Amino acid sequence: AVLLSAQTTDKGVNKVTPALWKRYPTPADLASADVTDVEEIIRAIGFYRTKAANCVKCAQLVVSEYGGEIPRDIDELQKLPGVGRKTANVVLNEAFGIVEGIAVDTHVNRIAHRLGLSPKTHEREPLKTEQDLLAILPRELWGPVNHQWIRHGRDTCTARSPKCDGCVLEDICPSAPRL
């Protein structure tokens, strides 16, 4: 599901994953899949051809190199097709409770920059934004920050029309309009 989530909505991913998992319940099943069949199942989401190919290749590597088990190491995860640092952080945190960093998605990135926790020059560089956040946030906050900031980014600190008036961070946010 995390491999499918780039450049699409959670709603879209949640629509296609039940059929994908029903058809291919294990990494070994997905490793032997015909890519065009996977494409058909996930067609409703963006970049479905690339994502289908990455899912099958990823499953093949998980089976051949890791005995069918998802690696529990950030560097090993990033060796898998379609897995970058953000995806690796999400998988480690959500699947295994291992917190190695902060997954900088669009919401985390937006909030980090609006709050002035990362300089504007890092706005298009998630790794640098992550490094900025890791340097200032206590390690015990690294895990929950994603859920908290994603929710805040969806509900309050939206991209187009942030609801600054009444926001819990309004007093400390340098981006909030001042009277």
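**The α7/α9 contact**

A: In this predicted model, the α7 side of the contact is made by His-107, Val-108, Arg-110, Ile-111 and Ala-112, and they meet Asn-146, Trp-149, Ile-150, His-152, Gly-153 and Arg-154 in α9. Sorted by type, the residues of this contact come out as 5 nonpolar, 4 polar and 2 charged.

As for the geometry, α7 spans residues 106-114 and α9 spans residues 139-155. Their axes come within 8 Å and cross at roughly 80°. Angles of 65 to 115 degrees count as roughly perpendicular, so that is how α7 lies relative to α9.

Now for the loop that leads up to this pair. Val-99 is found between α6 (85-96) and α7. Leaving out residues up to four places away in sequence, Val-99 touches Asn-93, Arg-139, Trp-142 and Gly-143. Its relative accessibility is 23%, so Val-99 counts as partly exposed, given that buried means under 20%. For a sense of distance, take Val-99 and Ile-136: they are 37 residues apart in sequence, and their C-alpha atoms are 16 Å apart in space.

Asp-155 is partly exposed at 39% relative accessibility, while Arg-151 is exposed, with a relative accessible area of 55%.

In general, side chains of opposite charge can pair when their charged atoms come close. The salt bridge count here comes to 8. Among them is Lys-120 with Glu-123, where the closest N and O atoms are 3.6 Å apart. Lys-120 is exposed, at 54% relative accessible area, and Glu-123 is partly exposed, at 35%. Another one of the salt bridges joins the side chains of Glu-125 and Lys-128, at 3.4 Å from N to O. Here Glu-125 is partly exposed at 33% relative accessibility, and Lys-128 is also partly exposed, with a relative accessible area of 34%.

One more helix, for a look at buried residues: in α3 (residues 35-42), these are Val-38, Glu-39, Ile-41 and Ile-42. They cover an arc of only 165° around the axis, so they sit on the same side of α3. What they pack against is α1 (10-23), α2 (27-31) and α4 (48-66).

Key:
Residues are numbered from 1 along each chain as its sequence is written. This is a predicted model: local features need pLDDT of at least 70, side-chain atom pairs count only at pLDDT 80 or more; totals for chains, interfaces and linings use all residues. Side-chain values use heavy atoms; hydrogens and water are left out. Axes are lines fitted to C-alpha atoms, for helices over the stretch in contact, and angles run from 0 to 180 degrees between N-to-C directions. Helices (H or I, at least four residues) and strands (E, at least two) are DSSP runs, numbered from the N terminus. Angles under 35 degrees count as roughly parallel, over 145 as roughly antiparallel, 65 to 115 as roughly perpendicular and the rest as oblique. Contact means heavy atoms within 4.5 Å. Ala, Val, Leu, Ile, Met, Phe, Trp, Tyr, Cys and Pro count as nonpolar, Asp, Glu, Lys and Arg as charged, and the others, Gly among them, as polar. Buried means under 20% relative accessible area, exposed over 50%, partly exposed in between (1.4 Å probe, protein chains only). The arc is that of the directions from the helix axis to the C-beta atoms. A salt bridge is a side-chain nitrogen of Lys or Arg within 4 Å of a carboxyl oxygen of Asp or Glu.
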